[in-house]
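Hi,

Here is the structure I promised to pass on.

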Amino acid sequence: MNEKIINGKECSKIIRQNLKERIKEIDKNLKLVVIRVGNDEASKIYVNSKGKACTEVGIDFLEITFRDDVSEEVLIDKINELNNDEEVTGILVQLPLPNHINTNKILNIIDYKKDVDGLTTTNIGKLNNSEVSIIPCTAAGVIDLLKFSNTSLESKNVVIIGRSNLVGKPLISLLLKENASVSICHSKTKNLSEYTKNADIIICAVGHPNLINKDMVKENSIIIDVGINRLDDHICGDVNFDDVVNKVAKITPVPGGVGPMTVTNLLVNVVKCYEFQKN
Ligand code: NAP
């Protein structure tokens, strides 16, 4: 069974090792600044793991926190200050933001050359236009895992489930670039299994445990499970792993699949931002 597993930890380790070497060669300290608003426990955990990963590869890390009643103006001023600070390589606003803040407006204040999450309209447009851009970390991680597992994408029928800005939408451009045929499904899709049964590759990013079972997948297909669902006693993805594992050719586990790739690509994006700014 092990040969079927696409191991995100292993893939991530290789990328981080190469990155460490690259960072050593750079004649400047790289610095990532994360802005976190409020007391959301999950956000605190995510930011901590980003900080730890930065330290591990030699990137300076600073977390700036605000109370959840912070105004848009205060956030905008802080982001502008960081945009103009030559010592800051990358800026990340940890999502979600409180409801009174216009997330899209705030994200678009970030200089696109410091936009480590790749969520500014400029970087999204560049990606869709096949220009060099900062690519959203999870979507980039999915492509890394497909390549790491020697999965050829050309002419393959790929079904993405989930159309978020973070995962599903950037994957459309990334997969088209690899000459795959792409279908994208969402909560209003009728007969999801008609799509998935014909897919050579399924990428599932929804957040519903057991959304995909063995009756919905083709023999020897490849499954990338992006979903993270926290149940009482364990974490699982969107795909019923035990049910499908004997039918498919390759599959990512949850945890240990896409998860480690997201933070790794954040580090990759800090280096890319440095290169963007240098050129
Ligand atoms: P999101 O913004 O909530 O998007 C979920 C998507 O799933 C939406 O497009 C939604 O459709 C679609 N959907 C909901 N119910 C569906 C159904 N029954 N059938 C088909 N599609 C359905 O979520 P996200 O930020 O993309 O995250 C998705 C999942 O991936 C979550 O579990 C999240 O925790 C996980 N995630 C993991 C990582 C990682 O590092 N591994 C990173 C990011 C996200 P509509 O657009 O119609 O609402």
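Before the notes, a word on labels: helices (H or I, at least four residues) and strands (E, at least two) are DSSP runs, numbered from the N terminus. Keep in mind that this is a predicted model, where local features need pLDDT of at least 70, side-chain atom pairs count only at pLDDT 80 or more, and totals for chains, interfaces and linings use all residues. Residues are numbered from 1 along each chain as its sequence is written, and side-chain values use heavy atoms, with hydrogens and water left out.

Let me begin with the backbone. Pro96 sits in the loop between β3 (90-93) and α4 (103-107), and the peptide bond joining Leu95 to Pro96 is cis, with omega about 5 degrees. There is also a cis bond from Val254 to Pro255, with omega near 0 degrees; Pro255 belongs to the loop between β10 (250-251) and α10.

Some non-glycine residues have positive phi. Ser130, in the loop between α5 (121-128) and α6 (137-148), has phi near 60 degrees. Ser130 counts as exposed because its relative accessibility is 61% (buried means under 20% relative accessible area, exposed over 50%, partly exposed in between, with a 1.4 Å probe and protein chains only). Asn210 also has phi near 60 degrees and is found in the loop between β6 (201-204) and β7 (222-225). With a relative accessible area of 47%, Asn210 is partly exposed. Just after α7, Asn179 has a positive phi of about 65 degrees.

As for α7 itself (residues 168-177), its buried residues include Gly168, Pro170, Leu171, Ser173, Leu174 and Leu175. Among the elements that cover them are α5, α6, β4 (157-161), β5 (181-185) and β6.

Next, the start of the chain. Ile6 lies in the segment before α1 (8-25) and counts as buried because its relative accessibility is 2%. Leaving aside residues up to four places away in sequence, Ile6 touches Leu145, Phe148, Ser149, Ile222, Ile224, Lys250, Ile251, Thr252, Pro253, Gly256 and Gly257 (contact means heavy atoms within 4.5 Å). Ile6 and Lys250 are 244 residues apart along the chain, yet their C-alpha atoms are separated by 6.5 Å.

Now the ligand. It is surrounded by 19 residues, with Arg163, Ser164, Ser187, Ile228 and Thr262 the closest (a residue is near a molecule if one of its heavy atoms lies within 4 Å of it). By class, this shell has eight nonpolar, ten polar and one charged residues. Helix α10 (residues 258-278) gives the most to the shell, with three residues.

A backbone N or O atom of Val226 lies 3.4 Å from a ligand nitrogen, and a polar backbone atom of His186 is 3.5 Å from a nitrogen atom of the ligand. On its own the ligand has 930 Å² of accessible area, and the protein covers 70% of that (Shrake-Rupley method, 1.4 Å probe).

Finally, the domain assignment gives domain 1 (26-112) and domain 2 (137-260); these bounds come from an automatic or database assignment. Their centres, taken over C-alpha atoms, are 29 Å apart.

Cheers

Definitions and conventions. A polar contact is a pair of N or O atoms within 3.5 Å; within protein, one must be able to donate a hydrogen and the other to accept it, and residues adjacent in sequence count only if both atoms are side-chain atoms. Ala, Val, Leu, Ile, Met, Phe, Trp, Tyr, Cys and Pro count as nonpolar, Asp, Glu, Lys and Arg as charged, and the others, Gly among them, as polar.
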